[in-house]
Amino acid sequence: MTSPASQDLVVTRATLQDWPVISGWAADEGWNPGLSDGAAFFAQDPQGFFLGRIDGEPVSAISVVNYGTDYAFLGCYLVRPDLRGRGHGITTWKTALAHAGNRSVGLDGVVAQQDNYRQSGFELAYRTIRFTGTAREAEPATDVRPARPADLAAITAYDSACYPADRPRFLAEWLTGTDHRTVVRHDGGRLTGYGVIRPGRDSLRIGPLFADGPDDARSLFAALTADVTGSEVALDVPETNTAGIALAEAAGFTPSFETARMYTGPVRDYAQDSVFGVTTLELG
């Protein structure tokens with residue numbers, strides 16, 4: 001795949017071995033990538049990651065990760081700061097976006113880029129606000145426990161109701177990733193929510209935090225933060241979930257960053273009120 005717009009730029013698929021370069025650039029932008037995200041990201045779509053190179057040196061990156069036949073998510077859109085403004089980014093974008101085919105594409109983009117994304121056919125759905133704060137000491141709820149291998153099927157089904165696509169390959173890695181900790185809540189024999197906390201470059205990150213309602217979400221949040229009292233924690237909350245924002249504020253967290261969730265077309269219905277915390281801004 002050779003750039004049609006920048007003669008010296010060659011865009012090719014990235015591999016998991018390239019992930020440290022991409023995540024390092026993301027860290028430089030203050031995005032606080034998870035320390036072990038790469039394995040789960042590439043498990044979902046190993047063909048969905050791209051690097052632009054000049055003379056073999058990486059200068060740009062993007063991911064367009066496919067979920068099934070109807071939905072894809074765009075993320076990791078980065079250009080090395082010293083080479084911006086030369087067309088490398090848009091060339092990498094156009095090359096990679098073809099990977100989505102006819103799927104509707106979502107993204108969580110920084111606010112400053114919204115107008116550029118609109119020009120590429122993306123329309124704003126809502127904002128996502130990152131709340132950060134210090135985990136307070138709290139007693140975890142007795143109805144929340146660590147996830148077990150036997151919970152995978154129920155978690156996968158629950159996740160599918162809270163996300164615009166099925167993603168079993170991603171979840172199988174995400175729930176068990178290095179230093180990822182997953183908890184579940186049940187009401188009798190029924191799963192009423194689950195959450196994951198993992199280490200990031202600058203703070204711990206919670207995501208997803210999916211729950212039937214505010215009580216379930218608070219119990220899961222308490223369980224996820226109970227063992228990390230005094231640590232910095234981040235949670236990305238869709239602004240449409242006012243109960244999620246109230247949960248973050250009640251924990252003493254404050255807004256530190258925001259993105260715009262945008263789509264190129266329709267996505268399947270999902271339980272938006274159950275999304276108290278987005279899984280990851282890079283893959284949705």
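About 180 Å³ of space lies in the second largest pocket of this predicted model. A pocket here is an open set of points on a 1 Å grid over the protein atoms alone, with protein on both sides within 12 Å along at least five of seven lines, and its lining residues have an atom within 4 Å of a point. Grid points are joined across faces, edges and corners, and the volume is the space filled by probe spheres set on the points. Thirteen residues line the second largest pocket, and those nearest its centre are Ala147, Arg148, Pro149, Leu175 and Thr176. Two or more lining residues come from each of α5 (152-161), α6 (168-174) and β8 (181-187). Helices (H or I, at least four residues) and strands (E, at least two) are DSSP runs, numbered from the N terminus. The lining of the second largest pocket consists of seven nonpolar, three polar and three charged residues. In these classes, Ala, Val, Leu, Ile, Met, Phe, Trp, Tyr, Cys and Pro are nonpolar, Asp, Glu, Lys and Arg are charged, and the others, Gly among them, are polar.

The model is a prediction in which local features need pLDDT of at least 70 and side-chain atom pairs count only at pLDDT 80 or more, while totals for chains, interfaces and linings use all residues. Residues are numbered from 1 along each chain as its sequence is written, and side-chain values use heavy atoms, with hydrogens and water left out.

The largest pocket holds about 660 Å³ of space. Its lining has 30 residues, with Tyr77, Leu78, Val110, Gln113 and Tyr117 closest to the centre. Elements that supply two or more of the lining residues are β4 (71-79), α3 (88-97), β5 (104-110), α4 (114-119) and β12 (254-263). Strand β4 gives the most, with six residues. By class, the lining of the largest pocket has 14 nonpolar, eleven polar and five charged residues.

About 120 Å³ of space lies in the largest cavity. Of its 15 lining residues, Tyr126, Arg261, Tyr270, Val275 and Val278 lie nearest the centre. The cavity lining divides into nine nonpolar, four polar and two charged residues.

The packing comes next. The largest nonpolar core has 39 residues, and Ile22, Phe41, Phe49, Tyr67 and Tyr194 touch the most other members. At least two residues of this core come from each of α1 (19-28), α2 (37-44), β2 (49-54), β3 (57-67), β4, α5, α6 and β9 (190-199). A nonpolar core is a set of buried Ala, Val, Leu, Ile, Met, Phe, Trp, Tyr and Cys residues joined through side-chain atoms within 4.5 Å. Buried means under 20% relative accessible area, with a 1.4 Å probe and protein chains only. Beyond four places in sequence, Ile22 is in contact (heavy atoms within 4.5 Å) with Ala14, Leu51, Ala61, Cys76 and Leu78. A second, separate core of 25 residues includes Ile197, Val233, Leu235 and Ala248.

In helix α5, Ile155, Thr156, Tyr158, Asp159 and Ser160 are buried. Their cover includes α6, β8, β9 and β10 (204-211). Helix α7 (residues 214-225) contains Ser219, which is buried at a relative accessible area of 13%. Leaving out residues up to four places away in sequence, Ser219 touches Ala141, Asp143, Val144 and Arg185.

Most residues other than glycine have a negative phi, and most peptide bonds are trans. Asn32 has a positive phi of about 55° and sits in the loop between α1 and α2. Its relative accessibility is 4%, so Asn32 counts as buried. Cys76, in strand β4, also has a positive phi, near 55°. Cys76 is buried as well, at 6% relative accessible area. The peptide bond from Gly207 to Pro208 is cis, with omega near 0°, and Pro208 belongs to strand β10.

Confidence is the last topic. The average pLDDT, the predictor's confidence in each residue from 0 to 100, is 94 for the protein, and 98% of the residues score at least 70. Over residues 2-6 pLDDT stays under 50, and the model has seven contacts for them beyond four places in sequence. Where pLDDT is low, the predicted coordinates should not be read in detail.

Key:
1 Å grid on protein atoms, 1.4 Å probe; cavity = no way out; pocket = protein on both sides within 12 Å on 5 of 7 lines; lining within 4 Å. Buried < 20%, exposed > 50% of the residue type's maximum accessible area, 1.4 Å probe, protein only.
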